[in-house]
Amino acid sequence: MYSRMLVLRFPKTEVEKPIVCYLASDFNLTFNILKATILPRKEGVMVMELSGTRKDFKKGVQYLKEHRVQVQAVGQDIKRNTTKCTHCGACTAVCFTGALSIKRPEMTVVFNHKKCSVCALCVPACPPRAMEVRTIGNTILK
Ligand code: SF4
Ligand code: SF4
């Protein structure tokens, strides 16, 4: 599963069309709209988290661009606060990429940043909130 936080900008000619709903039905993607400002005949802005396979994600973004929607990825990164981490292992149960794993026989939790998809599932799963999301700027997806 691949997941990114996106900012979508709709030109005023497209703002009243049901473009976003086809991301689910035609591209097998799920989305969670966090904020939307859509007004008739004005440019619309929507912030959403879009998830699916990388292949479907790419096709969905291509579809949005074909409808003249500007797609901007909100850059995020995940960091583990090693001072807060108690090595309880709770995060490894939700980390499907294997970025968080238990090292044996030490039984310590290791974080492999290269494997991280920045899905942020580990953030609420961590009791002392040692997994932290950082925003690192925006990039327009091409
Ligand atoms: S954000 Fe957390 S749960 Fe998701 S892949 Fe990265 S380490 Fe694993
Ligand atoms: S859930 Fe939090 S405290 Fe527990 S091992 Fe993972 S990062 Fe450390």
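This briefing covers the domains, the ligand surroundings and the aromatic pairs of one protein. The model is predicted. The protein divides into domain 1, residues 2-75, and domain 2, residues 78-133. Two ligands have their surroundings described here, ligand 1 and ligand 2. The structure also holds 2 aromatic pairs.

**Domains**

- Domain 1 runs over residues 2-75, and domain 2 over residues 78-133.
- The C-alpha centres of domain 1 and domain 2 are 30 Å apart.

**Around ligand 1**

- Four cysteines are among the residues that surround ligand 1: Cys95, Cys116, Cys119 and Cys122.
- Ile78, Ala99, Leu100, Phe111, Val118 and Ala120 also belong to these surroundings.
- Thr97 and Ser117 are there as well.
- By type, the shell around ligand 1 splits into 10 nonpolar residues, 2 polar ones and no charged ones.
- Cys122 counts as buried, because its relative accessibility is 9% and the limit is under 20%.

**Around ligand 2**

- Ligand 2 has 13 residues around it.
- Those that come nearest are Cys85, Cys88, Gly89, Cys91 and Cys126.
- The shell around ligand 2 is made up of 9 nonpolar, 3 polar and 1 charged residues.
- Cys126 has a relative accessibility of 8%, so Cys126 counts as buried.

**Cysteines and disulfides**

- How many disulfides does the count give? It comes to 0 disulfides.
- A disulfide here needs two cysteine sulfur atoms within 2.5 Å.

**Aromatic pairs**

- A pair of aromatic rings is described by the distance of the centres and the angle of the planes.
- The structure holds 2 such pairs.
- Tyr2 and Phe57 form an edge-to-face pair, with 4.9 Å from centre to centre and 85 degrees between the planes.
- Why does this pair tie together parts that are 55 residues apart in sequence? Because Tyr2 lies in strand 1 (residues 2-10), while Phe57 lies in helix 2 (residues 54-66).
- Tyr2 is buried, at 13% relative accessible area.
- Phe57 is buried too, at 6%.
- Phe27 and Tyr63 form a tilted pair: their centres are 4.9 Å apart, and their planes are 40 degrees apart.
- This pair also links distant parts of the chain, 36 residues apart.
- Phe27 sits in the loop between helix 1 (22-25) and strand 2 (30-37), and Tyr63 sits in helix 2.
- Are Phe27 and Tyr63 buried or exposed? Both Phe27 and Tyr63 are buried.

Note on methods
Residues are numbered from 1 along each chain as its sequence is written. Chains are lettered from A and ligands numbered from 1 in the order in which they are written. This is a predicted model: local features need pLDDT of at least 70, side-chain atom pairs count only at pLDDT 80 or more; totals for chains, interfaces and linings use all residues. Side-chain values use heavy atoms; hydrogens and water are left out. A residue is near a molecule or strand if one of its heavy atoms lies within 4 Å of it. Ala, Val, Leu, Ile, Met, Phe, Trp, Tyr, Cys and Pro count as nonpolar, Asp, Glu, Lys and Arg as charged, and the others, Gly among them, as polar. Domain bounds come from an automatic or database domain assignment. Rings of Phe, Tyr and Trp (its six-membered ring) pair if their centres lie within 6.5 Å; planes under 30 degrees apart count as stacked, over 60 as edge-to-face and the rest as tilted. Helices (H or I, at least four residues) and strands (E, at least two) are DSSP runs, numbered from the N terminus. Buried means under 20% relative accessible area, exposed over 50%, partly exposed in between (1.4 Å probe, protein chains only).
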